[in-house]
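Hello,

Here is the structure I said I would pass on. Please look through it before reading my notes.

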Amino acid sequence: MPDLPTPQNAAEAALLSECWDAVLSYADLCTSGSASATQLATEAFTHGIDELRAATAASKSTGTGRRALRLPRIPLLLASVRTVAAAWETSGLGHRLDPDLRLWLHSDKAARYVGPPLHRPLALRGLRDMQEPDAVLLWLAEVESLPMSAVARRLGLDPAAASSELAQVRALFRDRCHRNHLDTPMDAHCRSYARLLDAVTRSPSAETPEDLSRHMARCVECAEAAACLRLHGGGLPAALSSGVIGWGGLAYLERRRRAAEAGMGGGRTDAAVDTGLNEGKPVRPRIGRTGILVTAVLVSALALTVSLMPFGGSKGDDANAAQGESTDGQSVADPGPTFPSGSKTKSGLGSGTGTAGSPAVADSTSRPAGNSDQEAQGESSSPAGKQGGAKGSTKSAAPDCRVKYEIVSEWPDGFQATVTVTSTKALATWSLGWTFKDGQRVGQMWDGTFTQDDSHVTATAADYNKTVAANGTFTFGFLGSWTGSNSAARNFTLNKASCQAVG
């Protein structure tokens with residue numbers, strides 16, 4: 001496997017530090033395993049660095065001192081991932097790629113990215129036509145989902161003025177896309193809607209005429225233009241990611257959002273002096289997403305161990321718990337002869353659970369055999385007064401897992417959804433099943449794999465997120481299609497056991 005290129009200067013060192021996580025994240029989406037993802041990311045980084053060096057040399061040779069218009073560094077490197085993936089497919093290494101990506105590479109959609117410039121995706125052309133500082137600001141804020149304070153530090157902007165500058169850059173992007181849309185060769189029917197499309201997308205309160213709506217439902221290019229021109233409604237990040245990256249753009253966007261929320265965004269303000277990336281030294285890329293996830297699992301396990309330490313304490317500790325006092329400052333919900341179940345959280349889950357191989361047994365004395373479905377739905381398993389009138393006998397048992405199904409965005413024939421599952425028990429691996437009421441179909445999934453039999457879908461863990469700590473959470477997302485109606489999924493099961501759906 002080739003090594004990453006050694007940085008020639010501080011700018012290239014900063015490039016490696018800031019962009020490696022993003023490139024590896026997209027390469028992981030494009031491949032069938034972690035080893036292939038690392039190799040694809042490394043080759044794409046080398047290809048991108050060579051392209052940047054060539055562009056810099058060409059700019060200097062012209063003597064103008066003006067940098068040629070091009071994509072910002074992160075999307076340029078993501079495009080390199082797409083280019084190297086296509087080279088793998090051509091050279092017989094396609095078996096290392098995601099099967100859906102291989103199909104896409106042979107489709108007309110992929111051909112648009114290497115075809116005539118005026119037929120390429122509108123977002124790609126609009127971003128490329130912007131000055132690089134403006135394009136970088138737009139990409140970091142909209143697609144990488146970094147907080148404005150972090151964007152301002154990275155770009156050397158005044159934090160107080162960064163938001164207003166972003167608004168101006170958004171308007172500039174819209175203007176570039178509008179010009180490119182008018183320059184695009186289109187038939188007379190599409191041309192007749194161009195001015196109306198511009199007017200409708202300018203105002204948040206403007207209603208889309210029915211004839212234009214019907215036209216966009218059939219015309220991919222006009223629907224793509226509407227997404228790029230409409231700055232309100234929160235659709236700009238999706239328009240950018242899907243238009244610039246191509247295959248897997250929405251999945252990449254979701255990953256970067258979650259990484260930013262978890263504080264795991266790539267790069268630092270002082271990236272030029274990042275460890276192992278000083279000029280002239282061999283490159284040591286930052287820890288990838290897989291390493292971060294493993295670290296998170298270890299931290300969760302450590303936290304769980306600490307939370308269970310009071311259970312092995314003295315009788316005095318048990319007495320305090322029986323009086324409703326918890327060693328961690330929380331009240332004990334249901335003292336009993338087994339492990340205390342801990343106080344209930346807002347989600348209804350007890351804080352005291354067991355580790356793998358030693359499951360929690362709180363409230364086990366009130367669980368009759370053969371009633372697991374009722375228990376999973378949180379229904380009471382014993383009548384009032386049973387167990388000698390014990391305090392916990394009238395309470396509903398906490399479910400083993402909770403699942404939140406959220407439709408992130410929806411369009412006339414498709415949607416994007418995120419599924420978040422919390423398990424009270426530690427899991428060595430997971431498989432989540434559910435049923436669609438309205439015949440929806442899953443088309444692409446990230447952070448998991450899926451099978452679908454009629455209306456029933458089963459999502460299984462990826463190699464890097466199989467392990468879940470007790471009271472831990474895992475998340476995956478997917479793209480789907482629908483017709484008529486798109487109600488939420490139902491009848492969730494986790495490893496074939498019933499799972500409670502929450503709003």
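This is a predicted model: local features need pLDDT of at least 70, side-chain atom pairs count only at pLDDT 80 or more; totals for chains, interfaces and linings use all residues.

Residues are numbered from 1 along each chain as its sequence is written, and side-chain values use heavy atoms, with hydrogens and water left out.

Helices and strands are DSSP runs numbered from the N terminus (helices, H or I, at least four residues; strands, E, at least two).

Helix pair. The axes of helix H7 (residues 132-142) and helix H9 (residues 159-183) come within 10 Å and cross at roughly 105 degrees. Axes here are lines fitted to C-alpha atoms, for helices over the stretch in contact, with angles from 0 to 180 degrees between N-to-C directions. H7 and H9 are therefore roughly perpendicular to each other (65 to 115 degrees; under 35 is roughly parallel, over 145 roughly antiparallel, the rest oblique). On the H7 side, Asp134, Leu137, Leu138, Ala141 and Glu142 are in contact (heavy atoms within 4.5 Å) with Glu165, Leu166, Val169, Arg170, Leu172 and Phe173 of H9. These residues divide into 7 nonpolar, no polar and 4 charged (nonpolar: Ala, Val, Leu, Ile, Met, Phe, Trp, Tyr, Cys and Pro; charged: Asp, Glu, Lys and Arg; polar: the others, Gly among them).

Strands. E6 (residues 456-460) pairs (at least two DSSP bridges) with strand E3 (residues 431-435) in the antiparallel sense over 5 bridges, and Trp434 stands opposite Val457. Strand E5 (residues 449-453) is also antiparallel to E6, joined by 5 bridges, with Thr449 opposite Thr460. E5 and E6 form a hairpin with 2 residues between them, and Asp454 in the turn has a positive phi of about 60 degrees. Buried means under 20% relative accessible area, exposed over 50%, and partly exposed in between (1.4 Å probe, protein chains only).

Serines. Ser25 lies in helix H1 (residues 10-30) and is buried, at a relative accessible area of 4%. Leaving aside neighbours within four places in sequence, Ser25 contacts Tyr252, Arg255 and Arg256. Ser203, in the loop between helix H10 (188-202) and helix H11 (210-218), is partly exposed at 25% relative accessibility.

Regards
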